[in-house]
Amino acid sequence: MHRVVSYANVAAEWFPELRLLVLARSADERAAIEDLQSAGLPNVRWVESSVLQDGDIVVPRSVKDEAVVLLRESDTHHALFMTNRCNSYCLMCSQPPTPADDSWLVDEAVDAIRHLRSPPLLLGLTGGEPLLLGVGLRRVLDAVSKYLPGTQVEILTNGRLFSDWRVAAQILTGLSTPVRWLVPLYGHADFVHDFVVQAPGAFDETLAGLMALQAQRQQIQLRIVLIEPVLQVLPELASFIGRNLPFVREVALMGCEPIGFALANRELCEVDLAQWSDTLELAARQLRRHDIPHLLMNAPLCSLPKALWPIAQRSISDWKNVYAAECEACCVKADCSGLFAWHERGWKPAPLRTIESAEAIA
Amino acid sequence: MAYAPKVQPFRSRVLADGFVLATSQSGDHAFFAPGEFDQFRQSPQLLSLRRQAELRARFLLGDSHPSIGVRRLIASRIAAKRDTVSAGPSLHILIPTLQCAHSCRYCQVSRSLHDQGHTLSLADIDAACDTIFESPSPTLTVEFQGGDPLLRFDLIERAILRIKARNVAESRRIRFVVASTLHQLDAPMCAFFKAHGVHLSTSIDGPRELHNRNRPIPGRDSYERTVAGIALARERMGHDSVAALMTTTKASLDHADAIVDEYVRLGFREIFLRPLSSYGFAKRNQALLGYSVEEFFAFYRRGLERVLHWSRQGVDIREVYTSILLNKMLSTFDAGYVDLQSPTGAGSSVLVYNYDGHVYPSDEARMLAETGDTSLRMGRIGTPLQSLLASPVRSVLIDASDVQKEPHCQACPYSLFCAPNPVDAQAQFGTPCVAAHDTEHCQRHMGMFDALFTKLRTADDDMQDLLHKWAQPVAAEQT
């Protein structure tokens, strides 16, 4: 793990416990860094690169003369990948799990956090299922608290393992890092949710997990990916949340990412959102009845009834966000989520339309 | 089969239109057509998967051995329904005087202006103000009732200033309410009330003729003077500084629409179609003033439809009794209405400091004392709060309002939303311990819950939105 720094900043940013990769622009600068190394500073190296940026957190690959950029200061979405293992196998998983032991990722994450120059506003922890890391996840969260004061963490988790009070205690007791837990819920009854996540017993464990998070007054965002079996029950699911989980901070209704398992389960995952307008409006109505804040993600405005435009967010991470030909002349493009970069190989969330200004104002 | 449906504990009732209402342990409900209800009970696995999912989501169906998530969820739902009493007394009612210029026929308590004997002593006022702070509740409401308390504004002023001074160190959130005809309200009083954030609550029984008939005073102009008081309060203290309550008398029964229209005309955001118990006034007036539960239902249903009519026109008004019941039926956040709490809020979340120097568990209880039944006295004013709460009267009230101990309530689908009212029972039968279903309290609420569940079942989406909006507890500053 290295922090990329410009030559001018070496003195200011050097600490014995950090590794610096110095952007050297000339032979003089390279020689100066080599002088530092021979003077006994093992944690400074130079690199010649036109793509690396000051402040990047990178993992150099020694054999291939290349480096993987884990975090970049100028990005708006910062995320650390925690594990590729998972205890669910969701029909539309965008990141199909693998069973291999990848617990070294915890050390890498802590190292990356330690090397960050300034605390980002928001840091996402993703997987796989991060709760499988147990105390390892707590190490990462404590590292955030120690090295990145003020950073808000978002953790994408199915929450199932929190049904075990030992895991809940291990991770949540005395936790000082501000965390928002992003927890998917796909049904109002066990057999609906369990089918979507392809794991018997998951609904009950997720409910218990949500109760454990609430007991610790943790912030929760429920996430609902809009695939067909979920849309079939969406208004009932919204009402279930209103009655039973009124403590959640918000509910996110999300368009499906056409990648991973979603491609394999295309007949269940490919929907034309425009055909489900009534369902979406009724679900939003149910959430409003119970005063549950809610928003739409990954759904372009032209796929939604206009009544829902105010709750539609520009939600797709910058590195995978694209727009289509239809979007060029569209007058609400600036407010629109656009598409996932891989929609070409998969499908669009609905037939795209160019919104004329008359329609947008009407 | 892993997801074989098993019928979970439920309570049911056949509504007037033949549909069966069932409620589960969590307080969720479902409606069944008669044939479907039999199928649900006998062979739920034959119901469509969509219907099975709906019933599972309401905890009417589940597994043979419900697992930990569902168990925890139901436990938290039940706790949320019943947790409003536990924080200590939060509503403290002071009765500075029984004096009143009115001579309303249904009123049991008020005394004429010439009567000097029915007024709280200064020592008792001070002691009551101090007892209020013995409650651990972080939010307190202090309400002045009468008589007409504005006839002794000096006593209100004394109490508010004493409580305010004490609260500098205590930092509780305190709301003051003065219930009055507003006939004596003047500009200096408004200035004082505004400075101390005091809310006014007055009585409007309906249009001029009805109001003046219900509330006689020598000048026969009670309505005009109350409306003038409302106008003055709004001008000096803001539109929402004053709310109004109505009392349904026999004379009101035929005028539901006109009463509601009067509230709309006067710009009130709330109307409370409040029944008068058939035993709630001097026996000699029973024939003149009394009406049956059925007569009240007819009046209530008509009035409710009128309020809904105005709501649909965009008028911001809600019927409070309906709101209270819908809150119980639909919301996970209980608004804590005293008369429907189990155990009762009377004597636990409410205390009344009466002009006679005694503490009572509720407003109705001190009225009962005026008819000669002083059995609900909890102690003298000045008794430490701990002793008041440990009084035999309180334990009798708690015991008599426990739905777990009342067989009829145990079988009732509304038992999570309702409870026996022992103070009412004392008034009706002379004892708090009676079979719940024999009380007018039970008959009235059964009928109202029946009517509202039917309303809910037949509501379109816009009406559902409205009923859910009413079910949300009103923010404290608006009540």
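A salt bridge here is a side-chain nitrogen of Lys or Arg within 4 Å of a carboxyl oxygen of Asp or Glu. This is a predicted model, in which local features need pLDDT of at least 70 and side-chain atom pairs count only at pLDDT 80 or more, while totals for chains, interfaces and linings use all residues. Residues are numbered from 1 along each chain as its sequence is written, chains are lettered from A in the order in which they are written, and side-chain values use heavy atoms, with hydrogens and water left out.

Begin by selecting B:R58 and A:E236, whose side chains meet in a salt bridge with 2.9 Å from N to O. B:R58 lies in the loop between helix 2 (49-57) and strand 5 (61-62) of chain B, and A:E236 in helix 9 of chain A, so the pair joins two chains. Helices (H or I, at least four residues) and strands (E, at least two) are DSSP runs, numbered from the N terminus.

Next, show A:R243 with B:D28, another salt bridge, in which the closest N and O atoms are 2.8 Å apart. Across the interface of chain A and chain B the rule finds 7 salt bridges.

Now widen the selection to the whole interface, where 27 residues of chain A are in contact (heavy atoms within 4.5 Å) with 29 residues of chain B. The two chains bury about 2,500 Å² between them, 51% of it on carbon and sulfur atoms, buried area being the accessible area (1.4 Å probe) that two parts lose on being put together, summed over both. Colour A:F191, A:R243 and A:R289, which supply 29% of the area that chain A buries against chain B, more than any other three residues.
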